[in-house]
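User: I have a model open and want to learn how to read it. Can you take me through it feature by feature?

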Amino acid sequence: ASLFNMFGCLEVSPGRYGLMAEMTVDCSSWEYRKWVLGLAVPAIVVYCAIVPALLFWLLLWASRCKDPTCPSRCLLDDASFRAKFGFLYCDYRPKVWWLGIVSLMQKMGIAAAVSIFEQRPALQSMACLGIILIPTLLMAAYAPYASRLLNRASTTANLLAAATVYVGLFSYILPDSRTALLPMAVAIVAANILFLVTLIAYMSKILGAHIHERIERRRCSSA
């Protein structure tokens, strides 16, 4: 997010704007252009374009390359490869490994929207809404998790986030509509609470089953 702050400017005095990352830099000066063109743009190209592209190519290659120790498996299943890059794809089904890159780009996009449009809440909300909805549609279409419950929970969480942003956006753009949007806002808050309670109950059930299984194993081993 600090990289994207190098594009944002704040009004420090009437008619004068300073760089968010360094308020002593005037946004109308040549020094500002040096910050943006010399540091921010190259860093964003590297971290937000080149690195994700390389990671995508690496995972694509690994998904097609066979494991030398087991020809029936690809390198995505290799233990050493998973230890290094598993955080990108281990949560998803093998055929939709690329959703890890989509999730990574979503986080970068939200960080960019929040930082760049900090002084423009309407644009900030619209950008975040689009960034949330696109991965949500992909996840709903491809069901990336082995568990149906996890797929539903992921889609529901993203839809609730999108609805929350949507209500906040309309509340900002149309202040007169805040009273009309109040029931919708209350419903969204209630839905978020219900979702969290359901998720906690589900996780507690899984944790309880895991603890019970370990206790039973210890009993069997001691017997």
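Analyst: We start with the overall layout and then go to single residues.

Analyst: This is a predicted model, where local features need pLDDT of at least 70, side-chain atom pairs count only at pLDDT 80 or more, and totals for chains, interfaces and linings use all residues. Residues are numbered from 1 along each chain as its sequence is written, and side-chain values use heavy atoms, with hydrogens and water left out.

User: How many helices and strands are there in the protein?

Analyst: Start with the rule. Helices (H or I, at least four residues) and strands (E, at least two) are DSSP runs, numbered from the N terminus. Here the protein has six helices and four strands. Along the sequence the pattern reads β-β-α-β-β-α-α-α-α-α.

User: What share of the residues is buried?

Analyst: Buried means under 20% relative accessible area, exposed means over 50%, and partly exposed lies in between, with a 1.4 Å probe and protein chains only. Of the 223 residues in the protein, 29% are buried. For the surface itself, accessible areas come from the Shrake-Rupley method with a 1.4 Å probe, and for residues only the protein chains shown count as cover. The accessible surface comes to about 14,400 Å². Carbon and sulfur atoms hold 68% of it.

User: Which residues of α2 are buried?

Analyst: They are Phe81, Gly86, Leu88 and Tyr89. To place them, look down the helix axis; the arc is that of the directions from the axis to the C-beta atoms. The buried residues of α2 fall within an arc of 130 degrees, so they line one face of the helix. The face turned away from that buried side carries the exposed residues Ala83, Lys84 and Phe87.

User: How many aromatic pairs does the structure hold?

Analyst: Rings of Phe, Tyr and Trp (its six-membered ring) pair if their centres lie within 6.5 Å; planes under 30 degrees apart are stacked, over 60 edge-to-face, and the rest tilted. The structure holds five such pairs. Take phenylalanine 56 and tryptophan 97: their ring centres are 5.4 Å apart and their planes are at 40 degrees, so the pair is tilted. This pair links distant parts of the chain, 41 residues apart. Phenylalanine 56 is in helix α1 (residues 30-64), and tryptophan 97 is in the loop between α2 (79-89) and α3 (99-116). Phenylalanine 56 is partly exposed at 36% relative accessibility, whereas tryptophan 97 is buried at 8%.

Now take phenylalanine 81 and tyrosine 89. Their ring centres are 6.2 Å apart with planes at 35 degrees, so this pair is tilted. Phenylalanine 81 is buried at 8%, and tyrosine 89 is buried at 5%. Ring pairs link Phe81, Phe85 and Tyr89 into a cluster.

User: What is the count of disulfides?

Analyst: A disulfide is a pair of cysteine sulfur atoms within 2.5 Å. By this rule the count is zero. Cysteine 48 is buried at 18%, and cysteine 74 is buried at 16%.

User: What is the phi of alanine 143?

Analyst: Most residues other than glycine have a negative phi. Alanine 143 has a positive value, near 45 degrees. The residue lies in the loop between α4 (121-142) and α5 (148-173). Alanine 143 is partly exposed, at 29% relative accessibility.
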